[in-house]
Amino acid sequence: MRNLFKLLVVFTMSLSLMACGKKVVNEGLKDGTFTGSGKGNNGPISVEVSVKDKKIAGITLKEHAETKGLGDVAMDSIIKLIVENNSTNCDVVSGATNSSNGLIEAVRNGLIEAGATEEYFKNEKKIETVKTELEDEYTFDVVIVGAGGAGLSAAIEAANAGASVVVLEKTPAAGGNTLISGGGINAPQTKQQIAKNIEDSADLFYSDTLKGGDNKGDEALVRTLADNANSAAEWLVNDVKVEFLSDRVQQFGGHSVARALIPVGNKGVELINKMLAVTDKLGVQVMYDTQAESIETKDNKIVGVKAKNNGKEIMFNANKGVIIASGGFASNVEMRKQYNSNYDERFMSTATNSSTGDGIIMAQNVGADVVGMEYIQVYPTCNPLTGIISYVANSRFDGALLFNQEGKRFVNEMGRRDDISNAILDQSGSVGYLVWGQEIETVGNMTKMHEVEFENFKKDDLIYVADTLEDAAKHYNLDVETFVKTIEDYNKSIEDEKDEEFNKGGALRPIKEGPYYIQKVVPSAHHTMGGLKINTMAQVLDTKGNVIEGLYAAGEVTGGIHGTNRLGGNAITDIIVFGRIAGQNIVK
């Protein structure tokens with residue numbers, strides 16, 4: 001049975017290809033043979049376009065250096081459809097985007113020679129979906145499993161070192177949990193910190209991270225994380241062109257100081273989009289809808305990965321090795337229960353549905369050791385209906401307070417995620433109510449920064465905007481008198497810059513000025529600290545502590561870095577630092 005790619009990436013060719021830019025009346029194509037060229041994945045693509053009776057009669061590939069069995073197959077498929085439909089308005093082939101775009105660019109440039117104008121291309125009919133069949137086998141220097149932040153970081157570094165790289169992604173899109181995260185990366189001594197006179201160091205970052213994980217983290221790995229955090233942030237800015245807010249440094253719970261850089265849009269989308277742009281330029285092949293199923297070995301060395309695409313088994317040979325960057329297992333309830341029975345069906349997940357621990361299991365099958373699998377983190381402020389993390393609730397980092405049904409505070413809102421989550425579970429209905437006013441809103445502007453989420457939460461009655469504190473309490477049936485008095489006592493307490501009741505860290509801002517916001521939140525399974533055991537070179541270790549030759553891992557698929565509990569913002573630092581290390585060392 002012939003199997004086809006499912007994912008299709010729509011492209012739009014630049015109008016600069018249409019010559020002068022002036023609107024010219026289309027008089028049809030001239031008969032004859034015309035040449036055109038475009039930029040492919042591995043170099044220029046040149047074609048000859050034959051025109052007969054003002055229609056495309058044939059296209060001949062004259063020159064290209066595209067990957068055999070992938071880029072050339074994609075181009076053959078597109079050529080066939082262009083000629084059959086007399087149109088270049090078609091989708092690119094998944095996994096061969098650069099080859100597809102280069103071929104179409106070349107054909108269009110040939111048609112411009114034949115007299116095609118801007119209007120000609122505008123009037124082309126849309127061709128049905130372009131699909132192609134994969135070969136049984138491919139060979140690359142480096143095979144990476146997972147197209148999230150760790151996998152793409154590794155791919156960029158390996159490709160920069162001259163390796164041919166393929167990334168296998170089981171879903172139809174890149175990004176993983178990085179894409180849906182807030183994208184904040186912790187790093188000491190950044191320009192943003194210096195501008196705000198925030199004193200920080202790699203040593204303090206190291207200390208905070210170890211302490212945040214109850215000193216259960218691997219000291220060597222944590223040291224590597226801390227010492228490379230600043231250069232990871234600089235790499236994102238200078239090499240990947242990620243844009244971070246210039247005037248904002250956020251302090252997540254468990255950190256001594258504010259050290260998280262926040263990307264434009266406060267979402268990981270900024271990181272993933274910029275990384276994909278770089279991998280595209282470097283010629284990295286990203287194979288979507290391609291599920292890695294096993295790591296293959298020969299003579300005790302890792303030699304590749306077997307995967308499936310639309311039911312067809314494909315072998316991806318790896319000359320230099322394999323990097324596992326497939327994420328954790330927060331969305332795999334059975335696997336959660338296997339290692340920690342407390343995290344059962346009661347907990348929804350903030351992670352993507354694809355966070356099912358596949359990479360851990362595949363590596364275990366070739367002898368890999370795991371560490372800290374019982375350490376599973378829940379995020380405290382999530383949507384009670386879906387379990388998805390709330391970014392409006394990041395007002396907590398600017399000073400918002402948590403209350404229970406009885407109208408009382410019950411936890412240090414800037415404490416560790418696990419402490420806050422467990423405290424919420426102990427309250428009536430296992431729910432918390434996050435409250436803030438204009439003193440806090442005007443600092444973080446979370447309802448404006450995440451306006452779509454805010455409006456959706458209001459529609460679902462998960463956030464209520466009140467003119468008075470009494471109204472806020474009544475809406476969710478909190479004890480009004482206790483609620484108002486608790487806030488008044490807190491406001492008075494922090495006049496001396498200290499939270500007397502819970503010794504809350506971070507910003508201490510009053511809640512006096514309305515309108516007020518009250519948000520219903522619950523904990524949800526968020527991050528799995530356990531995973532494959534690695535060394536500081538990102539090499540995977542076996543159950544005897546020996547390096548598995550040719551096998552590397554980075555990101556949430558690994559364990560030992562965060563101990564019992566990951567601090568906010570450290571996940572992005574982790575995936576960039578160790579993704580880069582894996583990509584560099586596998587080529588060495």
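Here is a walk through the predicted model shown above, from its confidence to its cores, helices and loops.

This is a predicted model, in which local features need pLDDT of at least 70, side-chain atom pairs count only at pLDDT 80 or more, and totals for chains, interfaces and linings use all residues. Residues are numbered from 1 along each chain as its sequence is written, and side-chain values use heavy atoms, with hydrogens and water left out.

Let us start with confidence. The protein has a mean pLDDT (the predictor's confidence in each residue, from 0 to 100) of 91, and 93% of its residues reach 70 or more. Residues 1–26 are a stretch to handle with care: pLDDT stays under 50 there. For this stretch the model has 61 contacts (heavy atoms within 4.5 Å) beyond four places in sequence. Where pLDDT is low, the predicted coordinates should not be read in detail.

Now to the interior. A nonpolar core here is a set of buried Ala, Val, Leu, Ile, Met, Phe, Trp, Tyr and Cys residues joined through side-chain atoms within 4.5 Å. Buried means under 20% relative accessible area, exposed means over 50%, and partly exposed lies in between, using a 1.4 Å probe and protein chains only. The largest nonpolar core has 91 residues, and Val165, Leu236 and Phe316 are those with the most contacts inside it. Take Phe316 as a way in: leaving aside residues up to four places away in sequence, Phe316 touches residues including Tyr138, Phe140, Val166, Leu168, Met287 and Val305. A second, separate core has 38 residues, among them Phe403, Phe454, Leu469 and Val522.

Next come the helices, which, like the strands, are DSSP runs numbered from the N terminus (H or I with at least four residues for helices, E with at least two for strands). Helix H8 (residues 219–238) and helix H18 (residues 570–587) have axes that come within 8 Å and cross at roughly 90 degrees. The axes are lines fitted to C-alpha atoms, for helices over the stretch in contact, and angles run from 0 to 180 degrees between N-to-C directions. H8 and H18 are therefore roughly perpendicular to each other, a label that covers 65 to 115 degrees, while under 35 counts as roughly parallel, over 145 as roughly antiparallel and the rest as oblique. On the H8 side the contact includes Leu221, Leu225, Trp235 and Leu236, and on the H18 side it includes Ile576, Phe578 and Ile581.

Gly151 is found in helix H4 (residues 149–160) and counts as buried because its relative accessibility is 0%. Beyond four places in sequence, Gly151 touches Ile144, Gly146 and Ala325. The C-alpha atoms of Gly151 and Gly555 are separated by 8.2 Å, although these residues are 404 apart along the chain. Ala74, found in helix H1 (residues 71–85), is buried as well, with a relative accessible area of 0%.

Finally, the backbone of some loops. Gly514 and Pro515 are joined by a cis peptide bond, with omega about 5 degrees, and Pro515 lies in the loop between helix H17 (480–493) and strand E18 (516–528). Lys241 is not a glycine, yet has a positive phi of about 70 degrees; this lysine is in the loop between H8 and strand E7 (244–250) and is exposed at 51% relative accessible area. Asp461 also has a positive phi, about 60 degrees, without being a glycine. Asp461 sits in the loop between helix H15 (451–459) and strand E17 (463–466) and is partly exposed, at 37%.
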